[in-house]
Amino acid sequence: MKKDRTTKSSKSQPSKSRPSLDFSDLINRRKKIGAGGNRFSIEDVAKIRVLPFEHDGKLQVFAIEQTHFNPSPDVKAITCLGPDRNCPLCDLYAEGVESCKPSVRCLCNIVDMDDPKQAVQLYQAPPSVMGPMADVLIDVDEHPDMMDPKKGKPFIVKKTGSGKNTRYTVQVSGKPASYDPKLLESVTDLQAVADRPKDVVAINELADRIRANSTF
Ligand SMILES: [Zn+2]
């Protein structure tokens, strides 16, 4: 497993203005999720703005959460310890146990621009949606105002197919669509959500059991 996380940077000076986006962290996260799969489904088409949240004094766009689905016949799902946390099931997957493959979700705060009552919602985006959105957010030369509540443009996410054949396309709308900047006060710190305590004992026991039963 890659362990290239640049951990929590040194404390930033307290300041009254809103902190700026942590681009190096966004770029690192973008690299980690790769091209991604397509497990998550949304409506046929959605027009969304992505709202940044603050974590450790910096603005972030999304947090990575992983789940192991059906790692063994008797376990439907167990939350992964995380991509940077020496998860024993991720180790098993790295050793070739296919059933232990982690499924990646990118947690982000969004506003559905087609919903007249604008409200912040949690979107568990698959990497195939978050990846292209992050690419746009990183490209500040081409898309300078994407995080601006008033001037930013929404993403148009289209879904086709179903099940394993689900595909998403992500485009940037040609026109800005604004949301009330007050909504930024009701976003969730999704990194704190992703970092919530996991059941380390249970996951280690499960991993030991799978290892004991594996044939190699
Ligand atoms: Zn894991």
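Over which residues does the pLDDT stay under 50, and how many contacts beyond four places in sequence does the model have for them?

## Confidence in the model

The stretch in question is residues 1-12, where the pLDDT stays under 50 and the model has 10 contacts beyond four places in sequence. Over residues 35-41 the pLDDT is also below 50, and this stretch has 24 contacts in the model beyond near neighbours in sequence. The structure is a predicted model, and the average pLDDT of the protein chain is 85, with 86% of the residues scoring at least 70.

## Overall organisation

The protein chain holds 5 helices and 9 strands, and from the N terminus on these elements follow the order α-β-β-β-β-β-α-β-β-α-β-β-α-α. The chain has 216 residues, of which 31% count as buried. Among the contacts in the protein chain with a separation of 6 or more, 73% are between residues 24 or more positions apart.

## Strand β6 and its partners

Strand β6, which covers residues 102-112, is mostly covered, with 9 of its 11 residues buried. Strand β1 (residues 45-51) runs antiparallel to β6 and is joined to it by 4 bridges; in this pairing, I48 stands opposite D112. Strand β4 (residues 63-72) also pairs with β6 in the antiparallel sense, over 6 bridges, and here E65 is found opposite R105 of β6.

A further antiparallel pairing links β6 to strand β7 (residues 120-125) through 6 bridges, and within it N109 stands opposite L122 in β7.

## The nonpolar cores

The largest nonpolar core has 28 residues, and those touching the most other members are I48, V50, F62, C108, I110, M130 and M133. Leaving out residues up to four places away in sequence, I48 touches I110, V111, D112, M113, P154, F155 and V157. A second, separate core has 11 residues, including C80, L89, L92 and I203.

## Helix α3

Helix α3 is made up of the 12 residues 127-138, which should span 16 Å at 1.5 Å a residue, and the distance of 15 Å between its end C-alpha atoms agrees with this. The helix is mostly covered, since 9 of its 12 residues are buried. These buried residues are P127, S128, V129, M130, G131, P132, M133, A134 and L137.

Is P154 buried or exposed? P154 is buried, because 24 other C-beta atoms lie within 10 Å, and a residue needs 20 or more such atoms to count as buried. Although P154 and V50 are 104 residues apart in sequence, their C-alpha atoms are 7.8 Å apart in space. Apart from neighbours within four places in sequence, P154 is in contact with K47, I48, R49, M113, S173 and A177.

K47, one of these contacts, is placed in strand β1. K47 counts as partly exposed because it has 16 C-beta neighbours inside 10 Å. The C-alpha atoms of K47 and K153 are separated by 9.7 Å, while the two residues are 106 residues apart along the chain. Not counting residues up to four places away in sequence, K47 touches M113, D114, P154, I156 and S173.

## Helix α5

Helix α5 has 14 residues, 200-213, and reaches 20 Å from its first C-alpha to its last, which is close to the 20 Å expected at 1.5 Å a residue. Its buried residues are I203, L206 and A207. They cover an arc of only 100° around the axis, and therefore lie on the same side of α5. An α-helix has 3.6 residues a turn, so residues three or four places apart point the same way.

On the other side of α5, the residues V201, E205, D208 and A212 are exposed. The elements that cover the buried residues of α5 include β4, β5 (75-79) and α2 (88-94). One of those buried residues, I203, is also included in the second core.

Terms used: Residues numbered from 1 in each chain as written. Predicted model: local features only at pLDDT ≥ 70, side-chain atom pairs only at ≥ 80, totals over all residues. Helix = DSSP H or I, 4+ residues; strand = E, 2+ residues; numbered from the N terminus. Expected span 1.5 Å × (residues − 1). pLDDT = per-residue confidence, 0-100. Contact = placed C-beta atoms within 7 Å. Pairing = 2+ DSSP bridges. Arc of directions from axis to C-beta. Core = buried A, V, L, I, M, F, W, Y, C linked by C-beta atoms within 7 Å.
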